[in-house]
Amino acid sequence: MTENATNTRRLYSSEELGPFKDGFHDYLIGGRQEAVAADQKGTKAAAHFRFDVPAHESASVWVRLSRLPQSEPFADFERIVELRSTEADEFYADLQHDIELADAKLVQRQAFAGMIWSKQFFYFDIPQWINGDPGQVPPPAERRRGRNREWTHLNNADIISMPDKWEYPWYAAWDLAFHTLSLAIVDSQFAKEQLVLLTREWYMHPNGQIPAYEWAFGDVNPPVHAWATWRVFQMDRKQHGGKGDLAFLERVFHKLMLNFNWWVNRKDAEGRNVFQGGFLGLDNIGVFDRSSQLPTGGHIDQADGTSWMAMYALNLMRIALELAQTNPVYEDIATKFFEHFLHIAEAMNNVGEAGIGLWDEKDEFFYDVLHLPDGSMTPLKVRSMVGLIPLFAVETLEPELLERVPEFKRRLEWFLKYRPDLASLVSHWNAEGRGHRRLLSLLRGHRMKRLLSRMLDET
């Protein structure tokens, strides 16, 4: 047993005796028995066992946590474990009733177990971290000028889905957005709560930015939360017989509009609907750190950053159209995001009206463009996932939906007639698909074919 206390004796040469929370290490590795509590009392505990396990055999340890003393803690141990195992089998039998292969069921169950196991309580109070704990040695003054100093509003104390609980318990906002789709299958309420949580006042910055992760909340990650919100809403609606949680959808939508405006105001350097942002790929896919300042000055117009924003606009448009079916006020907002998507599509094809686009017609690929202080622009011809992110910006509009939002439909028709220069940028804008559905995409038909063909050839 130890206390949950920092080893101030080691760090700051204080006179405190402990036991400190690193006492387990000192006990096991250093052989210092005095590093743990002699009276077997404390707020942190560790169990240490040694076994010699022969080949093909096993050893088990039974552990039971209880708030009250138990005279016979293991008398009903096996019965409880068997009951919980049976309950889990029944839960997954219902969830997997339409899966035939036993191996597929096992793989999915193991995956869900990993997701459920990775939920953990996360506590981080930024003002307290900067100022230090009362009665403790003050933290170094550099902390006031270090990382996360702009996030003094942040106070996290919640159960959150972690990406790497086995390594270090921290949340990553855009990883968490993807987690919610898996979690929605087993617990849609928890999935919805996670998306709401990220946009709450004690998470989201007053300027609208969503916190990235503990070591640098101000880092820029892909804006995938509108996509996740819409998908979780659809999954939850299907589970509840077609009744969607509009309150959840509306609640997150309003906060995401703040986040969208943060992107527009902070990551569009010249107000031309071409975005920078920094790290916006898929797990550091760039060949260099695009979050750092360029030694040449200027900035990089990003194919992936701009495409993520096009996708974001379409996601918010689709959510607004869903809300507009019960509140026509949202038709105007849907129109706003539809038009923003078209302007982003226009900008990607002609950055700053300089005749240079993010799409390279000769190479049939999307590239970042280096934008120097003297106004010159140079495509950065690096083949990476950066050039494939434009495939994500796609949305279909069913004719039945458009009939339920007449004001939005009227605006679409206006664009089709009076702004053919913008409408022509969108794939299959004039072509009616199966059931007269419309497809909105950054890639016109021939470009999509060329890009996909290029991917197959080079694979």
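Modeller: Let us take helix α8. It has 15 residues and reaches 21 Å from its first C-alpha to its last. That is close to the 21 Å expected at 1.5 Å a residue (the expected span is 1.5 Å times one less than the number of residues). Helices here are DSSP runs of H or I with at least four residues, numbered from the N terminus.

A word on the source. This is a predicted model, where local features need pLDDT of at least 70, side-chain atom pairs count only at pLDDT 80 or more, and totals for chains, interfaces and linings use all residues. Residues are numbered from 1 along each chain as its sequence is written, and side-chain values use heavy atoms, with hydrogens and water left out.

Now the partner. The axes of α8 (residues 225-239) and α9 (residues 246-266) come within 10 Å and cross at roughly 175°. Axes are lines fitted to C-alpha atoms, for helices over the stretch in contact, and angles run from 0 to 180 degrees between N-to-C directions. So α8 is roughly antiparallel to α9 (over 145 degrees). On the α8 side, the contact (heavy atoms within 4.5 Å) is made by H225, A226, T229, W230, V232 and F233. From α9 come L246, F248, L249, V252 and L256.

Next, burial. The buried residues of α8 include A228, M235 and D236 (buried means under 20% relative accessible area, with a 1.4 Å probe and protein chains only). The buried residues of α8 pack against α6 (173-186), α7 (188-198), α9 and α10 (303-324).

Finally, α8 is followed by G241, whose phi is positive, near 65°.

Notes
Helices (H or I, at least four residues) and strands (E, at least two) are DSSP runs, numbered from the N terminus. Angles under 35 degrees count as roughly parallel, over 145 as roughly antiparallel, 65 to 115 as roughly perpendicular and the rest as oblique. Buried means under 20% relative accessible area, exposed over 50%, partly exposed in between (1.4 Å probe, protein chains only).
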